[in-house]
Amino acid sequence: MIEMKPGDWLVLIFSLLLIPLSWSLIDHPSAETSAIEITVADASPTTYSIKQQTQINVAGELGHSVIEIRDGKVRFTNSPCSGKVCILSGWHQHSGDHIVCLPNRVSISLLAEQDRFDGINF
Amino acid sequence: MEKNIEITEEDRKIASFAALAIAIHVLESGFPSPVPGIKPGLANIITLLVLFRYGWRFAAWVSLLRVTAGSLLMGTFMSPTFFLSLSGALASLLSMWVLWTVMRRWVGLLGVSITAGVSHVMAQLLVAWWLFIPHSGILVLTPVLITAGILFGIFNAIITSSIENRLSRTL
Amino acid sequence: MRCLQTSLFILALVVLLAACEKQNLNRYQSFAFGTLIEIKIRSDDKALADRASASLFSDFDEMHSDWHAWEAGKLTQTSAMLATGEWFTADKAVQDIIKLSKQYSLRSNGLFNPAIGELIQAWGFQASELPRLPPTEAKIDSLLADLPAVLDIDIDGDKMRGRNPHLKLDLGAIAKGYAVSAGINKLRDQGLNHALINAGGDLCGIGNQGERPWRIGIRNPSGEGIMASIELENEECVFTSGDYERYYNHNGKRYHHIIDPRSGYPADKVTSVTVLHLDGAIADAASTALFIAGPDGWQEIAKKMGVRDVMMVDKQGRIIMSPSMHKRIKFEPAVDETSVIITDP
């Protein structure tokens, strides 16, 4: 059906190995999300607690993105990007997760305590 | 004179393949993807087909025409989406060039398609990281994108090869 | 030409892969000083970082047993010798930290007092199991009547002599700080210039995390969560003393481990004191001394101890801090910043 040269086998095997490898390289923090960081373009991020109910209006490159925080979860409810990918992806709640509205250059990072800080003092 | 007509004929083919690619590109962006942010890149089937039939230079034409005209059609020209598209196209063209012109003896459609798919998503990821979201958190997308790039690379290669088989029988 | 093309392609691949490579942050954990110690070392030389961290953990183990206040070891031997009143040569492992403790105790007007092991023992904090009852008033009064202080320790070179039979050293308020700072120094000596040592919530950092300075979250003393954060300068320690660290309740009252040598009872003016300082031993001792001093008397002692960056949370949950600390601290959104009191040193 499809002609296989030696290089094709090599690429196929290598790529099939690359899939689990790429997944294993990424940490999957299971820790409880404690805060979100909203980053607009190159500005330094603003931190919000995830334990609140609020709507946040963020002025991005193209216009206003609206972010909703509720029940320890966060989502985009409105964003002036063409694909609406960030809105369609719905609620997010796991630490280490990110929601990105690329055209508007607004991104949300969900952070656990140990992601936000290198150490906790008490 | 005849020579001129032949070149025009090929140009016409390139243009129609590019038109086909643009149509697929626009259609594909109209459908919501099951995994947000990830698209099969079906228009790359056309690029692969052209690469297979007419070589790298023509594949480059089709691919770049598709990116530019496609973005003009959808009103995303010079926007982040356009630069992401362009970077993906350039990276996959680079990998096609290396595999198809330099290592052609050892590599066929499948190898080119997978490599192009992975190069495509990795370039987009890097451009997104460097230009738009300068936040290393975006790298968590790496495994999803690599997996998608590889799977759609395989898928596209199979589709391209079966189209090529039919084409070679009919033409 | 083909060679050039291939190498260009490989170069492109390497760039792609390098972008996905994780940061060379090496992380180690071990139990020492009766607590969890975490060492983060940012270095390309993983083998060196592995060796250095292992040697730090063994140093910490050694210091912990040498300086243990109630388990037989070099410090309890020294305490026994001090109680005899005779001159003796103290073990090398304890000489330096005793000298420093004496100096810091004097500078803290005696609020940090490493000589009151008997009092701390009476409160039951020299044991791994905490008691259920506080000591009787009579017991505390009798201990206070002849309470040792560092002035009762004469030091002459490597010789020392005690002048109070009740002298019993307890370095609990300085040992961790001393050890962590020593650890940072040792890492630096080996060319490891980016590291963070977290000894059960007290930290010293050197260099930075890579993308940014080492960022430390300060836990809210009155409940869950983080109250504020701070980014460490090139070489800096952040130490907190709190009434929630070691305590027991009796008849609805909390008895915690920071004993005011003046009253003989747990210091009751604040719930926590956080100190930033270049040196861990000072930060550690000062956080204890300023905890005992409380919101009214801390400035003088901070000045004498050379500490500028201080934050304390009082019993009402108000945050009191020095202006220099206010500049460094970034409060979490949940904190009501209008309740922050900034006091001039």
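Mentor: We may begin with what counts as an element: a helix is a DSSP run of H or I with at least four residues, and a strand is a run of E with at least two. Please keep in mind that this is a predicted model.

Trainee: How many helices and strands does chain B have by that rule?

Mentor: Chain B has six helices and zero strands. Read from the N terminus, its elements therefore run α-α-α-α-α-α.

Trainee: What makes a residue of chain B buried, and what share of the chain is buried?

Mentor: A residue is buried if 20 or more other C-beta atoms lie within 10 Å of its own. Of the 171 residues in chain B, 42% are buried.

Trainee: How do you know which residues of chain B touch chain A?

Mentor: Two residues are in contact if their C-beta atoms lie within 7 Å. By that criterion, 33 residues of chain B are in contact with 30 residues of chain A. The elements giving two or more residues to this side of chain B are α4 (80-102), α5 (109-132) and α6 (142-170) of chain B. The residues on this side comprise 21 nonpolar, twelve polar and no charged.

Trainee: In chain C, why are the buried residues of helix α3 said to lie on the same side?

Mentor: The buried residues of α3 (residues 74-84) of chain C are C:Leu75, C:Thr78, C:Ser79 and C:Leu82. They cover an arc of only 100° around the axis, and therefore lie on the same side of α3(C). The buried residues of α3(C) pack against several elements of chain C, including α2 (46-66) and α4 (92-107).

Trainee: What makes β1 and β17 of chain C edge strands?

Mentor: Nine strands of chain C form an open sheet in the order β1-β2-β6-β7-β10-β13-β14-β15-β17, with mixed pairing. Both β1 (25-32) and β17 (340-342) of chain C pair on one side only, and these are the edge strands.

Trainee: How do you know that β13 and β14 of chain C are paired?

Mentor: Pairing requires at least two bridges found by DSSP. Strands β13 (residues 270-277) and β14 (residues 309-314) of chain C have six bridges in the antiparallel sense, so the pair meets the criterion. As one example, C:Leu276 has C:Asp309 as its bridge partner in β14(C). Helix α8 (residues 280-305) of chain C packs on the sheet, and its direction makes about 125° with that of β13(C).

How values were computed: Residues are numbered from 1 along each chain as its sequence is written. Chains are lettered from A and ligands numbered from 1 in the order in which they are written. This is a predicted model: local features need pLDDT of at least 70, side-chain atom pairs count only at pLDDT 80 or more; totals for chains, interfaces and linings use all residues. Ala, Val, Leu, Ile, Met, Phe, Trp, Tyr, Cys and Pro count as nonpolar, Asp, Glu, Lys and Arg as charged, and the others, Gly among them, as polar. A residue is buried if 20 or more other C-beta atoms lie within 10 Å of its own, exposed if 12 or fewer, and partly exposed in between; C-beta atoms are placed from the backbone. The arc is that of the directions from the helix axis to the C-beta atoms. Axes are lines fitted to C-alpha atoms, for helices over the stretch in contact, and angles run from 0 to 180 degrees between N-to-C directions.
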